[in-house]
Amino acid sequence: WHPLGTGLDVRARALCVHEGDLYAGGDFTTAGGVPASRIARWDGTGWHPLGSGVNQTVYALHSYGSDLIVGGLFTQAGGGPIGRLARWDGSTWSPLGTGVNNAVYALEVYNGDLIVAGSFTQAGGQPASRIARWNGSAWYTLGSGTNAIIYGLTTFQSKLIAGGYFTQAGGQPVNYIATWDGAIWSALGSGMNAAVKC
């Protein structure tokens with residue numbers, strides 16, 4: 001094991017490799033001893049802030065095209081108002097439309113679109129039950145979503161997999177984990193006997 005410089009002052013909650021560098025997000029306010037508000041970049045030798053960062057916890061990071069997408073509890077990025085979801089283009093922060101109305105815990109790219117999940121009930125000002133799709137310019141729902149928080153997303157065998165506290169997906173009974181095939185939600189076998197938190 002080897003340290004990454006002097007590390008962070010408080011815990012990291014998300015990691016992502018984007019365009020050759022490592023990005024960390026979480027609760028910290030310094031990285032490598034320099035100010036870095038909840039997000040920082042490690043270039044292999046040192047830590048660097050992403051502008052003025054964000055004002056509250058970062059829970060999720062993901063590459064989407066040439067942008068780094070950042071999700072969490074924050075309501076500001078780079079000093080400007082933002083709806084818990086922002087993109088960093090290497091020099092500036094910008095929103096994804098009007099974002100979502102509550103925490104983002106997971107990000108994934110599926111069929112070329114950015115999938116965002118968490119505890120929110122609106123995306124882009126429209127109803128979206130804990131999960132939504134961003135196509136680069138507008139927000140869309142994934143059916144009727146889920147009935148409780150989604151904590152994790154991944155892809156497997158051409159399907160999107162979601163895990164969390166939910167017991168319904170697309171109005172169908174599921175046990176804390178479900179699949180989305182681009183059109184409908186389905187159970188993943190008999191699921192789990194308790195929440196999936198990843």
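A salt bridge is taken here as a side-chain nitrogen of Lys or Arg within 4 Å of a carboxyl oxygen of Asp or Glu. By that criterion Arg41 pairs with Asp21, and their closest N and O atoms are 2.8 Å apart. Arg41 belongs to strand S5 (residues 39-42) and Asp21 to strand S2, so this contact ties together parts that are 20 residues apart in sequence. Strands, like helices, are DSSP runs numbered from the N terminus (E, at least two residues, for strands; H or I, at least four, for helices). The model is a predicted one, in which local features need pLDDT of at least 70 and side-chain atom pairs count only at pLDDT 80 or more, while totals for chains, interfaces and linings use all residues. Residues are numbered from 1 along each chain as its sequence is written, and side-chain values use heavy atoms, with hydrogens and water left out.

As for accessibility, buried stands for under 20% relative accessible area, exposed for over 50%, and partly exposed for anything in between (1.4 Å probe, protein chains only). Asp21 is buried at 15%, whereas Arg41 is partly exposed at 23%.

The structure holds 4 salt bridges. In another of them, Arg133 meets Asp113 at 2.7 Å, N to O. Here again distant parts of the chain are linked: Arg133 sits in strand S17 (residues 131-134) and Asp113 in strand S14 (residues 113-118), 20 residues apart. Arg133 comes out as partly exposed at 25% relative accessibility, and Asp113 as buried at 13%.

Asp27 and Arg11 also form a salt bridge, at 3.0 Å from N to O. Asp27 is found in the loop between strand S2 (21-26) and strand S3 (30-31), and Arg11 in the segment before strand S1 (12-18), with 16 residues separating the two. Asp27 is buried, with a relative accessible area of 18%, but Arg11 is exposed, at 51%. Through shared partners, salt bridges join Arg11, Arg13 and Asp27 into one network.

Turning to the aromatic side chains, there are 7 aromatic pairs in the structure. Rings of Phe, Tyr and Trp (its six-membered ring) pair if their centres lie within 6.5 Å; planes under 30 degrees apart are called stacked, over 60 edge-to-face, and the rest tilted. Trp42 and Trp47 make a tilted pair, with 5.3 Å from centre to centre and 50° between the planes. Both Trp42 and Trp47 are buried. Elsewhere, Tyr59, Tyr105, Tyr151 and Tyr165 come together as one aromatic cluster.

Strand S23 (residues 177-180) pairs with S24 in the antiparallel sense over 3 bridges, where pairing calls for at least two DSSP bridges between two strands. Ala178 has Ala187 of S24 as its bridge partner.
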